[in-house]
Each structure stands twice: as structure tokens, then as C-alpha cells.
Amino acid sequence: MHFENKSIPGQQGFSTEDILWAVGIWSVILTLSPVVVFYVLMVA
């Protein structure tokens, strides 16, 4: 299977899409974690 390298020559590190994905995932985790902890404390 062949994957084309679509990255811009000379570009290193993360792309904008990768940063947006990371920020989105971390924001969801940080906003849901207090809810999960509260739920566990109430149920346990």
C-alpha cells in the first residue's frame, strides 16, 4: 500500500489540523473529567 507524502517540503512538527485535534480532544477530556469524578464519588 502506497501513501503519498503530502507534507510541504521543509515543514516539520505538527500541522494545524493536528493541533486542532489535540486541543479539541484535551478540551473534551478536561471538561468531562470533573463530571466523571463526581459521578464516581456519588455512585461509589
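A residue counts as exposed when its relative accessible area is over 50%, and as buried when that area is under 20%. In this predicted model, Thr-31 has a relative accessible area of 54%. Thr-31 is therefore exposed. Leu-32 reaches 47% relative accessibility. That value lies between the two cut-offs, so Leu-32 counts as partly exposed.

The chain has one helix and zero strands. H1 is made of 28 residues. From its first C-alpha to its last, H1 reaches 40 Å, close to the 40 Å expected at 1.5 Å a residue. A kink of about 30° is found at Leu-32, shortly before the proline Pro-34.

Thr-31 also takes part in a polar pairing within the model. A polar atom of the Thr-31 side chain lies 2.7 Å from the backbone oxygen of Ser-27.

The number of buried residues in H1 is zero, so the helix lies largely in the open. For the chain, with its 44 residues, the buried share is 0%. The chain exposes about 4,700 Å², and carbon and sulfur atoms supply 72% of this area.

Part of the surface forms a nonpolar patch of about 920 Å². Leu-32, the site of the kink, is one of its members.

Notes:
Residues numbered from 1 in each chain as written. Predicted model: local features only at pLDDT ≥ 70, side-chain atom pairs only at ≥ 80, totals over all residues. Heavy atoms only, no water. Buried < 20%, exposed > 50% of the residue type's maximum accessible area, 1.4 Å probe, protein only. Polar contact = N/O pair within 3.5 Å; in protein donor to acceptor, adjacent residues only side chain to side chain. Patch = residues over 30% accessible without salt bridge, like charges linked within 9 Å, V, L, I, M, F, W, Y side chains within 5 Å. Areas by Shrake-Rupley, 256 points an atom, 1.4 Å probe, with all protein chains shown as cover. Salt bridge = Lys/Arg side-chain N within 4 Å of Asp/Glu carboxyl O. Helix = DSSP H or I, 4+ residues; strand = E, 2+ residues; numbered from the N terminus. Expected span 1.5 Å × (residues − 1). Bend = angle between axes of the 7 residues up to and from the residue.
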